[in-house]
Amino acid sequence: MVSIQTEREDKFDVDSDFILPSDEQLIPKGGSAETSEVELVSTYFDTEDLDLLQRGITLRRRRGDADTGWHAKVPADKARTEIRLPLGSGEDASVPDELAGLLVGVSLGKPLGPVATLTSVRRVHVLADQDGDVVAELADDSVSVDLAGAEGHTWREVEVELGPAGSESVLERVGKTLKAAGARPGSHPSKFHRAVRSSTEPVHTGTVGVVADYLNEQTQAIFAGDVYLRRGMDPIHPTRVAIRRYRSTLRVFGDMFDEGRASVLDAELSWYAGLLGEVRDRQVQRARFADSLSELPDYLVLGPVAARIENDLLAEQLRFRAAVATEIDGERYRALLHELAEWARGLPLAPGASKLDDDDLDALARKAGKKASKRVAAATSSAEEEALHRARKAGKRARYAAELVKPVIGKKEAKARIGRYTNVQEILGEHQDAVVAAATLLQLGRKAGVTPGENGFTFGLLYAQEVHAAAAARAAMTAADS
């Protein structure tokens, strides 16, 4: 049976003669530490083209400690989600069907086989607070590699994983202690990545590499969303955000890419985002309406209003979610994943794109900012819904462009730009949500008004609130733009 857990850990590179700080330096005040040693043997599986690794995902078969079993590690914001399956009986080393099914999108349908076996002599330090609750586990690993078809190598590294009673401050404090002793932030996201590092060198460097890195982050999020969807989880929102960032890059920095390839990819990403958007819209509206209802006094809630909202919107959400489940096994979606993988292997650049420098990149990002400002000004003067919607999209593109050029313009300038356009995005996002919500409430109220035992009165109140919220957002945008 598959189980899932979220893990948060920091990795550090250390020299072979690195002296680990004492337990007293690592544990919280009044805490304790327990130390043990174990030998771990982990066989990593991937396609011949290392498709999983390219997406930031690892699949291993581990033996040697309490973590014995199959583990698929998938990126999840600042942490990772680990999908686990028992090792099973016998010596069968083929990937279990259940895991292979979850990873069929990431693997692009290619067979998964063993790529490398890593043996780690691990010295584990379990750090507990004064109540005996585990705040972190520190693993000091000496690793040797048996790499299929290549010469293996060895290294030493330290990992610090957050425990059940731990917090980000624990990781920060332990990390500072390790760095003071000579440890360096890990240069590889996983041991497997380090083992096959010669196969994962970046295709693009320099200015083009900045764009490639940003797009690859979005590709990883989209592929991670694929795994979570197949697991029955809810990655709808982060997947849509990654798609928006990717499409924004295609638009703002479009001069860099082959126009035909970029146009087709943009259209297919838009199609997929639309499928996910139908699910997300119902999720947002259910939460929004539940909050609005909870703020009304009971005497203004006439009839089974909450039931009508929940039953209708949940039914629609489930129907669209089923449509997504069907499409991710379809040819069109598989073709989209293949195209994203091709772009990750090497961007289809327009002639001369490789000659662009950092100033050229920033110029394109600034152009997106100017466009957003013009659209906001035009929208606030006209107050037309379509103009406001266009301004919101332009604001998003300017924000994502500022994110992309952060390595070029520096953290301070990037933060200022991102903050400016995030404000535009949030205000106009509230306007868009209110407009869509009002339209939905009008439909629900009409149904309730002609259904025995129901009443359209409360829907009218909620509708009026959304109309007011939209007007307030327009006023806020005008004030912010003045």
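**A buried leucine and its surroundings**

Leu-50 has a relative accessibility of 8%, so it counts as buried (under 20% relative accessible area, with exposed meaning over 50% and partly exposed in between, using a 1.4 Å probe and protein chains only). This is a predicted model, where local features need pLDDT of at least 70 and side-chain atom pairs count only at pLDDT 80 or more, while totals for chains, interfaces and linings use all residues. Residues are numbered from 1 along each chain as its sequence is written, and side-chain values use heavy atoms, leaving out hydrogens and water.

**The chain as a whole**

- There are 15 helices and ten strands in the protein chain; these are DSSP runs, H or I of at least four residues for helices and E of at least two for strands, numbered from the N terminus.
- The chain has 482 residues, and 48% of them count as buried.
- Take the contacts (heavy atoms within 4.5 Å) with a separation of 6 or more: 74% of them link residues 24 or more positions apart.
- On the charge side, the chain carries 63 positive and 75 negative side chains, and the centres of the two sets are 6 Å apart. Lys and Arg count as positive, Asp and Glu as negative, while His and the chain ends are not counted; each charge is placed at NZ of Lys, CZ of Arg, CG of Asp or CD of Glu.

**Leucines with positive phi**

- Most residues other than glycine have a negative phi.
- Leu-50 has a positive phi, near 55°, and sits in the loop between strand S3 (32-46) and helix H2 (51-54).
- Leu-108 is not a glycine either, yet its phi is positive at about 60°.
- Leu-108 belongs to the loop between helix H3 (97-102) and strand S7 (113-128), and it is buried because its relative accessible area is 12%.

- Gly-109 and Ala-479 are 370 residues apart in sequence, with 52 Å from C-alpha to C-alpha.

**A buried histidine**

- His-71 lies in strand S5 (residues 69-76) and counts as buried because its relative accessibility is 2%.
- Apart from neighbours within four places in sequence, His-71 touches Thr-58, Leu-59, Arg-60 and Arg-62, along with Glu-82, Ile-83 and Arg-84.

**Surface patches**

- Patch members have over 30% relative accessible area and no salt bridge; like charges are joined within 9 Å, and nonpolar side chains (Val, Leu, Ile, Met, Phe, Trp, Tyr) within 5 Å. A salt bridge here is a side-chain nitrogen of Lys or Arg within 4 Å of a carboxyl oxygen of Asp or Glu.
- Asp-357, Asp-358, Asp-359 and Asp-360 make up a negative patch on the surface.
- One of them, Asp-360, is in helix H11 (residues 358-382) and is partly exposed, with 33% relative accessible area.
- Leu-442, Tyr-463 and Val-467 form a nonpolar surface patch that together has about 230 Å² of accessible area.
- Val-467 is part of helix H15 (residues 457-481) and, at 40% relative accessibility, counts as partly exposed.

Terms used. Areas by Shrake-Rupley, 256 points an atom, 1.4 Å probe, with all protein chains shown as cover.
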